[in-house]
Amino acid sequence: MNAIEFDRAQIEALVRQAIRSGGLGSGNAALGAATGNPPGWVDGKPNLRVSISARHVHLTDEHVETLFGRGATLEPEKDLYQDGFYAAKQTVMVVGPRRRMLPSVRVLGPTRSASQVELAFTDSISLGIDAPVRHSGHIDGTPGCVLVGPAGSVQLEQGVIRAARHVHMNFADAAHYGVENGDMMRLKITSHECTTVFEDVLVRADEAAKLEVHIDTDEGNACHLDGASKVELTKSGCGCEK
Ligand SMILES: [Zn+2]
């Protein structure tokens, strides 16, 4: 096989892969995988993304059935940037004390071993729940709430949190930044008249993640993320600003 034939065969394979996985984003991911690039890398480099994670709910399989009916499963509506994760078609009503509520909060999939409600500070104020800042999954001792779906309701004894800012990355990204899972990083968002530096950005590294910072709606609004001209992620305490 000469070089040109090889290239063509490889390109055809990539195109088929991209078509199978659907969409431009996942097509690029397929390209990365096939060329040996780490997930999410573009042109041989990490490709930083900063996303606003709006209020949402994670549910157990059991709670999905209670809320949406026997045999119900989550129906994916929109894929998230992280492979395998999605926004479901389903929403639930989140009810706090004194009947204050958020009427339709999106469920994210896949299901988990414990149900959890992730709110921004403003959401928690309107709900009347003093939700602590926690990293996803660390819900011991957090306040509960009631979830209401079309087929039933669930009393959560705990699980209402303000999700702590964090950055997903794979091990190649971690090596690039000189950080490890559990380290803290600094994120600078440059935007007209509201440039903001976020400290305490927790590194969540695993094999398959794509480089992506998750901040909540309050944080995203504070720095006017939609109008940002530059985003920079650096290792905390690196001394690079001195
Ligand atoms: Zn996240």
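**View 1. Glu193 sits in the loop between strand 12 (184–190) and strand 13 (196–205).** This is a predicted model. Phi of Glu193 is near 65°, a positive value in a residue other than glycine. Most residues other than glycine have a negative phi. Glu193 has 6 other C-beta atoms within 10 Å, so Glu193 counts as exposed.

**View 2. Asp43 lies in the loop between helix 2 (24–34) and strand 1.** Asp43 is not a glycine, yet its phi is positive, at about 55°. Asp43 has 6 C-beta neighbours inside 10 Å and therefore counts as exposed.

**View 3. An open sheet of six strands runs in the order 1-14-11-13-12-15.** The pairing in this sheet is mixed. Strand 1 (49–52) and strand 15 (230–235) stand at the edges. Each has a single partner strand, so one side of each is left without a neighbour in the sheet. From one strand to the next, the twist averages 30°. Strands of a sheet pair through backbone hydrogen bonds, either parallel or antiparallel.

**View 4. Strand 14 (residues 212–215) pairs with strand 1 in the parallel sense.** Four bridges join strand 1 and strand 14. Val50 has Val213 of strand 14 as its bridge partner. Ser51 stands opposite His214, also in strand 14. What covers strand 14, one face or both? Both faces are covered. Glu212 and His214 are buried on one side, and Val213 and Ile215 are buried on the other.

**View 5. Strand 11 (residues 166–169) runs antiparallel to strand 14.** Three bridges join strand 11 to strand 14. The bridge partner of His168 is Glu212 in strand 14. Glu212 is one of the buried residues of strand 14.

**View 6. The largest nonpolar core holds 25 residues.** Which members touch the most others? They are Val57, Val92, Val94, Cys145, Leu147 and Val160. At least two residues of this core come from each of helix 3 (61–68), strand 4 (86–95), strand 5 (101–109), strand 6 (116–119), strand 8 (145–148) and strand 10 (160–163). Strand 5 gives the largest share, four residues. In soluble globular proteins, nonpolar side chains tend to be buried together.

**View 7. Leu147 is shown with the residues it touches.** Leaving out residues up to four places away in sequence, Leu147 touches Val57, Leu67, Val92, Val94, Ser153, Val154 and Leu156. Another core, of 19 residues, lies apart from the largest one. Its members include Tyr177, Ile189, Cys223 and Leu233.

**View 8. Helix 3 has buried residues His63, Val64, Leu67 and Phe68.** Down the axis of helix 3, its buried residues fall within an arc of 110°, so they line one face of the helix. Strand 4, strand 8 and strand 9 (153–156) are among the elements that cover these buried residues. Just after helix 3, Gly69 takes a positive phi of about 110°.

**View 9. Pro110 lies in the loop between strand 5 and strand 6.** The peptide bond from Gly109 to Pro110 is cis, with omega near 0°. Most peptide bonds are trans.

**View 10. His138 is found in the loop between strand 7 (133–134) and strand 8.** Is His138 buried or exposed? His138 is exposed, with 12 other C-beta atoms within 10 Å. The cut-off for exposed is 12 or fewer, so this count qualifies. The C-alpha atoms of His138 and Ala163 are separated by 9.8 Å. Along the chain, His138 and Ala163 are 25 residues apart.

**View 11. The chain carries six helices and 15 strands.** Of its 242 residues, 32% count as buried. Among the contacts in the chain with a separation of 6 or more, 64% are between residues 24 or more positions apart. Mean pLDDT is 88, and 83% of the residues reach 70 or more.

**View 12. Over residues 1–6, and again over residues 18–32, pLDDT stays under 50.** For residues 1–6, the model has one contact beyond four places in sequence. For residues 18–32, the model has 16 such contacts. Where pLDDT is low, the predicted coordinates should not be read in detail.

Terms used: Residues are numbered from 1 along each chain as its sequence is written. This is a predicted model: local features need pLDDT of at least 70, side-chain atom pairs count only at pLDDT 80 or more; totals for chains, interfaces and linings use all residues. A nonpolar core is a set of buried Ala, Val, Leu, Ile, Met, Phe, Trp, Tyr and Cys residues joined through C-beta atoms within 7 Å. A residue is buried if 20 or more other C-beta atoms lie within 10 Å of its own, exposed if 12 or fewer, and partly exposed in between; C-beta atoms are placed from the backbone. Two residues are in contact if their C-beta atoms, placed from the backbone, lie within 7 Å. Two strands pair if DSSP finds at least two bridges between them. Axes are lines fitted to C-alpha atoms, for helices over the stretch in contact, and angles run from 0 to 180 degrees between N-to-C directions. The arc is that of the directions from the helix axis to the C-beta atoms. pLDDT is the predictor's confidence in each residue, from 0 to 100.
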